[in-house]
Amino acid sequence: SASIAAYFAARGRTLLVDADLGMGNAHILQGVKPRASLVDFIEGEHTIGDIRTSCGEGLDLLAGGSGIPHMALLQREDRARLSEQLAELEVAYKFLLLDSAAGISSQTMSFAAAADRLLLVLTPDVTSMTDAYGFLKVHNQVRPAGEALFVVNRAADEEQAHKTADRFREVSEQFLGVQPRWLGFLPEDPAVSASVNQRTPLILSDSDSAAGRALSGISGQLFSELECLSPRGLGRSMRSVAGGGSLWSATGRRT
């Protein structure tokens, strides 16, 4: 998400929302120290506009807060207030990228259902594919018409990535009647760990690494995908969509 946000920010004002509420860490990879987070917003201490943290030209962050157990499951009224203020805020941005928590909590799924596009990230491990299938199953029940995209992360090589992608698509089509669209894979690469330790998105710290090149390619596909959409807006959609775990959404006046 950090690298995709950096790619988008170079092409239009972007808002990154750390939706792993209570266990947020998106600020670490941006190398910033937010003075406030979504915890402060939910507790009524700030408006959502007040808690924005600038991460450089064209990119702002809504931090998720860390180590706050009650943030992992917001009350319906808190989610409603969040959607209202996101709807007001997001019109100032061309893109909104949401870094979701794992699992299928109601708030994670509501974010997903409201997004213009959902990007699943899985690894070749069978447990990861099982989790991704479970997430897709719930998402498909809530938003049957929503198309899911996916990438294979930490693949040993191209052959393993293709086998993983083929298996995930086959199982999804056989049992869910949907075939998520594969955007590509990210290879296992020590440059990723190095970028985390540098607190810098990989796409900026080492764009020529194998994973950096792959991230640039995937980000470019996502950008092209959004350019073809009429944006619904995440906050606006959350006000009318029940259910759904989302990663990103086009916003703004045009795409």
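This is a predicted model: local features need pLDDT of at least 70, side-chain atom pairs count only at pLDDT 80 or more; totals for chains, interfaces and linings use all residues.
Which residues does Val151 touch, not counting residues up to four places away in sequence? They are Leu119, Leu120, Val121, Leu122, Trp182, Leu183, Gly184 and Ile218, where contact means heavy atoms within 4.5 Å.

Residues are numbered from 1 along each chain as its sequence is written, and side-chain values use heavy atoms, with hydrogens and water left out.

Val151 sits in strand 6 (residues 148–155), strands being DSSP runs of E with at least two residues and helices runs of H or I with at least four, numbered from the N terminus. Val151 counts as buried because its relative accessibility is 4%, the cut-off for buried being under 20% relative accessible area with a 1.4 Å probe, protein chains only.

Turning to Ser237, this residue belongs to helix 11 (residues 234–238) and is also buried, at a relative accessible area of 5%. Leaving aside neighbours within four places in sequence, Ser237 is in contact with Ala114 and Arg232, and a polar atom of the Ser237 side chain lies 3.5 Å from the backbone oxygen of Ala114.

Finally, the helix pair: the axes of helix 1 (residues 2–9) and helix 10 (residues 210–227), which are lines fitted to C-alpha atoms over the stretch in contact, come within 9 Å and cross at roughly 55 degrees. On the helix 1 side, the contact is made by Ser3, Ile4, Tyr7 and Phe8, and on the helix 10 side the residues include Leu215, Ser216 and Phe223.

Terms used. Buried means under 20% relative accessible area, exposed over 50%, partly exposed in between (1.4 Å probe, protein chains only). A polar contact is a pair of N or O atoms within 3.5 Å; within protein, one must be able to donate a hydrogen and the other to accept it, and residues adjacent in sequence count only if both atoms are side-chain atoms. Axes are lines fitted to C-alpha atoms, for helices over the stretch in contact, and angles run from 0 to 180 degrees between N-to-C directions.
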